[in-house]
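Here are some notes to read alongside the model. Please keep the sequence open next to the 3D view as you go through them.

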Amino acid sequence: MSLKKIASDFKARYIDERRLPEAARQQLQRDRAGLPEHDAGPLAVAEAGIEWLKRSQDKSAYQDGGSARDFSLLRGWASSYPETSGYILPTLIDFAARTNDQSLADRAQRMLDWLVSIQFPEGGFQGGKVDASERVPVTFNTGQILLGLAAGVQRFGEAYRRPMVLAGTWLRDSLDPDGCWRKHATPFASPGEKAYETHVSWGLFEAARIEPGLGFAEAGLKQVRWAIGKQMENGWFASNSLSSPAEPHTHTIGYVLRGVIEAYRFAGEADLLAAAALTADALLEVIEDDGRLPGKLDRNWRPTVDWVCLTGNVQIAACWLLLFGITGKAAYLDAARRANRYVRRTVYLSGNPDVVGGVRGSFPVDGEYGRFEYLNWAAKFCVDSQLLEASVDVPLRGTGDDR
């Protein structure tokens, strides 16, 4: 990392600690002391994460049924975030089914009903929090909510089919001929093409499983192949960042990789698996022994920051676990366990109920991503990845521990 870059990062992260609320100051001090050794294991952390997501619904500023975007150590609970509430839904529905928890299913349906109530007539959904000053339909957010709508149809029935079809049709029809979505970009990220919208295509695949024959799958596959055209020979994706294309977060790397994997799981075409493996294998060379992945990575897979994007860690862990299930490659399982364990060690299982089970944006907490915030999507992806790991009962040879 250059001296200029170090100076720039320091300026961006500088904060007068004397002005921090006590809880934020204490968390920063704990993080600077390093991660605790204790690891409660995948199931305990997943269960705590579900409880935190329930609290995010109860504590959302407008009490509208959605999940609050975050709990901030500086500002408290935020308002509901439609995009992430959309893909939190499948997590809640899945966990309710696993545990036969009708009250959790009821929560999920309340969240689903809220999302349907704010859908634009043409099928799209807004970007940003529900109280955003600019309310326009956005491709990415609609794709994430489509995941929830599809799960809702499967769990709760026909009342949600029309909203799902409307959203899928809007996405299908707004795709450009070359396979890129350009017409309805979010006003909350920098302009430009986004390879990570493969995660939107995943929503189309889920809708196509319920409503085949409407062109949803074809549109999704077309977009994924466009995105693969942005993949370099070393597996890194260009045009894959919220705001800094030269150094994407592991969060958006996790998005693009998961979308390619889901395209393979839908279509079964070998080149899709090869593209996913190219990126996944490159990331195997980046992860550190303790499971740490740097929060941003440049085109040569070199770290450009000294903090961890915890969301990206668990997203990539989930991708490795899925690829292990497909290929049987033990290195994926080993890396996933390490990446998940790193994040588990940041999660509190006792103490302040506003943070118990939550996942910080960055470690340490003053990192640039979700600074001083516990993010609802970080908790969702953590739950998903822990449950995936718990479902794998293949022991690793020669490790001497539960990684």
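1. Let's begin at one glycine. Helices here are DSSP runs of H or I with at least four residues, strands are runs of E with at least two, and both are numbered from the N terminus.

2. Before going on, some ground rules. This is a predicted model, in which local features need pLDDT of at least 70 and side-chain atom pairs count only at pLDDT 80 or more, while totals for chains, interfaces and linings use all residues. Residues are numbered from 1 along each chain as its sequence is written, and side-chain values use heavy atoms, with hydrogens and water left out.

3. Now back to H2 itself, which covers residues 22–32. Which of its residues are buried? They are Ala24, Gln27, Leu28 and Asp31. Buried means under 20% relative accessible area, exposed means over 50%, and partly exposed is in between (1.4 Å probe, protein chains only). Looking down the axis of H2, you'll find the buried residues within an arc of 100 degrees, so they line one face of the helix. That arc is taken from the directions from the helix axis to the C-beta atoms. As a reminder, an α-helix has 3.6 residues a turn, so residues three or four places apart point the same way.

4. What does that face pack against? The buried residues of H2 pack against strand S4 (362–363) and strand S5 (373–375); contact means heavy atoms within 4.5 Å. Have a look at the loop between S4 and S5, where Pro364 sits. The peptide bond joining Phe363 and Pro364 is cis, with omega about -5 degrees.

5. Two more backbone spots to check. Most residues other than glycine have a negative phi, and most peptide bonds are trans. Gln63, in the loop between helix H3 (42–59) and strand S1 (70–72), has a positive phi near 50 degrees. Asn100, in the loop between helix H4 (82–99) and helix H5 (102–117), also has a positive phi, near 55 degrees. Are these residues buried or exposed? Gln63 is exposed at 54% relative accessible area, and Asn100 is exposed at 73%.

6. The loop between H3 and S1 also holds Ala68, which is buried with a relative accessible area of 0%. Setting aside neighbours within four places in sequence, Ala68 is in contact with Ser56, Ser60, Trp77, Ala78, Ser79, Ser80 and Asn376. Its C-alpha atom is 8.4 Å from that of Asp58, ten residues apart along the chain.

7. Thr186 is worth a click too: this residue is in the loop between helix H7 (161–174) and helix H8 (198–210). Thr186 is partly exposed, at 23% relative accessible area. The C-alpha atoms of Thr186 and Arg135 are separated by 10.0 Å, although the two are 51 residues apart along the chain.

8. Finally, zoom out. The protein has 14 helices and five strands. Its radius of gyration is 20 Å, close to the 22 Å from the globule rule for 403 residues, so the protein is as compact as a globular protein of that length. The radius is taken over C-alpha atoms, and the rule is 2.2 Å times the number of residues to the power 0.38. Buried residues account for 61% of the 403. Of the contacts between residues at least 6 apart in sequence, 69% join residues at least 24 apart.
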